[in-house]
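Open the structure in your viewer and get ready to click around.

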Amino acid sequence: MKIQNRSRICLCVSAAIMVIAFVMSLLGYGINYGIDFAGGLNIQYNMGAAFEQADVEAALKNQGIEEYTVSTSGEDGQIVQIRVPALESDDEIQTLQNGLEAELSVKYPTMDTATATASYVGPIAGKVLVRNAIWSVVLASLLMLVYIAFRFDLSSGLAAVIGLVHDVLIMLAFMVLLRGVIQMNSSFIAAMLTIVGYSINNTIVIFDRIRENKKKPAHAGKARDEIVNISVRECLGRTINTTLTTLVTIVALYVLGVDSIREFSLPIIVGILSGVYSANMINGYVWAMLENVLSKKAPKAKKA
């Protein structure tokens, strides 16, 4: 089987994953949006001293709250901000606050319950963060296209950007497929931007090896997809070592971390695997295809 055919199979596998996720979304089984996207109730307390976030999370679970985000603010980290889904009535809000205050006041007697605030807030990530993330990815892709086109060639830049779009779409697709395991909160935005940088690094390493191999007399006359195959194989040891090193750390965070850490680490795991997959199985062969197309059109342009 030719290498180019294998790259087409890989693209078909990726397309199938995206199509399945798209169909699931149309059927109402799309991304499981968390509080950051859907909005909810925000409760704020001044604990009066340093506190353990795990204690606040345990108190929320004891009140029957399974979906929440807990964050720390203030100069000394003494203010806790709790976000939970919107409650139906003021009585439910008061019951929740009374339960939290009764449990947390035992461990933190300095907790200030008199100045506690409870208010409904809109989806902070649904508007500002998502829009900024989209523009960040678009801007990063354009700048990478310019840089790689200048450093290597236009085909390399286009292939790298296609790889970036592929990795982001695969991450989104798996957020749909794993909707029962993970919610999408603002941490996903950070994970997506992290993977954009990680993925392009693998691609540039392989493109650099392709450029070097093209210049070697031993590879003169060889087809471009064959040069890509040689380059990927030569970089395979480096790819395996760096990927495993990163995955061991991220998997440990997912297994041992709290829910908020898992919401960040699982998309990172998917993105790393997708980035390695696209860098080694897709991007280089997309470059070869683009170069073959451009080389066929070049003589016609000269005659004109």
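How many salt bridges does a search of the whole structure find? The search finds three, where a salt bridge is a side-chain nitrogen of Lys or Arg within 4 Å of a carboxyl oxygen of Asp or Glu. Before we visit them, some ground rules. This is a predicted model, so to speak of local features we need pLDDT of at least 70, side-chain atom pairs count only at pLDDT 80 or more, and totals for chains, interfaces and linings use all residues. Residues are numbered from 1 along each chain as its sequence is written, and side-chain values use heavy atoms, with hydrogens and water left out.

**Stop 1: the sheet**

Show the cartoon and find the open sheet of four strands, ordered β2-β3-β1-β4 with antiparallel pairing. Helices (H or I, at least four residues) and strands (E, at least two) are DSSP runs, numbered from the N terminus, and two strands pair if DSSP finds at least two bridges between them. The edges are β2 (69–73) and β4 (112–121), each pairing on one side only. From one strand to the next, the twist averages 20 degrees; angles run from 0 to 180 degrees between N-to-C directions, with axes fitted as lines to C-alpha atoms, for helices over the stretch in contact.

Now select isoleucine 43. Its bridge partner in β4 is alanine 118, and its partner in β3 is isoleucine 82. Isoleucine 82 is also the bridge partner of valine 70. Strand β1 pairs with β4 over six bridges and with β3 over six bridges, while β2 and β3 (residues 79–84) share five.

Colour β1 by accessibility: five of its seven residues are buried. Buried means under 20% relative accessible area, exposed over 50%, and partly exposed in between (1.4 Å probe, protein chains only).

**Stop 2: a helix on the sheet**

Select α3 and look at its buried residues: Asp55, Val56, Glu57, Ala59 and Leu60. They pack against β2, β3 and α4, contact here meaning heavy atoms within 4.5 Å.

**Stop 3: the salt bridges**

Aspartate 55 sits in α3 and lysine 107 in α4, so the pair ties together parts 52 residues apart in sequence. Aspartate 55 counts as buried at 18% relative accessibility, whereas lysine 107 counts as exposed at 56%.

Next, jump to helix α7 (residues 186–215), where arginine 211 and aspartate 208 both lie, three residues apart, about one turn of the helix. Their side chains meet at 2.8 Å, N to O. An α-helix has 3.6 residues a turn, so residues three or four places apart point the same way.

Then pick arginine 209, which forms a salt bridge with glutamate 234, their closest N and O atoms being 3.2 Å apart. Arginine 209 is in α7 and glutamate 234 in α8 (residues 224–234), so this pair links parts 25 residues apart in sequence. Arginine 209 counts as partly exposed at 31% relative accessibility, and so does glutamate 234 at 36%.

**Last stop: a leucine in a loop**

Is leucine 27 buried or exposed? Select it in the loop between α1 (3–26) and α2 (35–38): at 62% relative accessibility, leucine 27 counts as exposed.
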